[in-house]
Structures are given as C-alpha cells and as structure tokens.
Amino acid sequence: DLADPEPASEAQLREFYDHEPARFTIPPLATFDQVFFSPERGAAANEAAAAGLAALRAGKPPAEVGDDTPLRATYAEAPRDQVEVLFGAAVADVLFNEPPGDWQGPLKSDFGLHLVRLRARTEQRLPPFDEIRDRVLEQFGAVRREQRNETEYRRMRAHYEVVVEPPAAAGGSNAA
C-alpha cells in the first residue's frame, strides 16, 4: 500500500466533496421501538399481537408486552438497509413512510410478528463540508492511495508476462 505523500489542499478537499456527494450523504434514519411475538405461538401469535397492539395503544409499557427476543427493543437512528435486514421490507416500509407516533402492526418478519412505534425519522442529508471535513480528508486520501496503488500495479505488471496453462488431465492419458 502506497502512502499518500502529499497533503491535500483545502481546494482539493472541497472539490472532492462537491464531486462525490453520494459518498458523504447520510441516508434517512429511523428511531423506533419494537415488540416481538414468536411464531412458536402458532395461530395464537396473530391474536396475541392484536391484543398487544391494543394494550400498547392503551399505554401498557412495551416491556410488559410480547415475547423475549435477541433483537433490541429500541433502535436509534437505524438506516433502512439495516431495518430491512433485521425486520424485512414490511417493517421498513412502515418506519420510512408513515409518520411518527402510534404503534403499528402486526408486521411479519422472518423471525415472527412485530409491533413498531416510530419515534423519529431524519431525512437524507448531505452534511456541510465544515461539519465532516475530517471524513472528507480520510476518504480523499483513501481514493488517492487506491489510484496510486493501481498505477503502481499496472507499472509492475508491464515487466512480466503472465502465462496461464490449463491443468494436465487427471488420471493420465486417454489414448486409445
């Protein structure tokens, strides 16, 4: 790995930031609570989830509703892709399309049924350069190192001839 020998100028960093906004854009994030109902309940899971939804909407604490799960009860500033991996598209759709407030569900995931309450959601945003200057500097250096490494690999490969030979037939000759 080749070190980045030249310090980046402020102008280079700002140009990199301006030309690579996707690299620095923060996706929408959701802060939410979830209550889980196990599929081990069988057909009763749907009834338990419906009763749990009514209890939560009536003010019962989430810790007193639902079943034990290794999933957390609260997620802070989770991006959609993380929510989809953990809970599936149905939960992500509610959390990233519905307004914050009341409990929603039951929603099915690969694990079972969930009730979710969106507490807050932030929209996608590109932080101002001054707020993330250190991150821009880090990314700029990483890209520059990658480019220099690739250039050096090409230079080194130019000095060699690569020959790929097929493997010999296994089991000896098939001569008739």
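Trainee: Which strand is Thr31 found in?
Mentor: Strand β1, residues 29-37. Strands here are DSSP runs of E, at least two residues, and helices are runs of H or I, at least four, numbered from the N terminus. This is a predicted model: local features need pLDDT of at least 70, side-chain atom pairs count only at pLDDT 80 or more, and totals for chains, interfaces and linings use all residues. Residues are numbered from 1 along each chain as its sequence is written, and side-chain values use heavy atoms, with hydrogens and water left out.

Trainee: Is Thr31 buried or exposed?
Mentor: Buried, with a relative accessible area of 18%. Buried means under 20%, exposed over 50%, partly exposed in between (1.4 Å probe, protein chains only).

Trainee: What is Thr31 in contact with, leaving aside neighbours within four places in sequence?
Mentor: Tyr75, Ala76, Glu77, Arg117, Leu118, Arg119 and Ala120. Contact means heavy atoms within 4.5 Å.

Trainee: New topic, helix α1. Which residues are buried there?
Mentor: Leu13, Phe16 and Tyr17, in a helix that covers residues 10-19. Seen down the axis, the buried residues of α1 fall within an arc of 100°, so they line one face. That arc is taken from the directions from the helix axis to the C-beta atoms.

Trainee: And which exposed residues sit on the face turned away?
Mentor: Ala11, Asp18 and His19.

Trainee: What covers the buried residues of α1?
Mentor: The cover includes α2 (21-24) and α6 (133-157).
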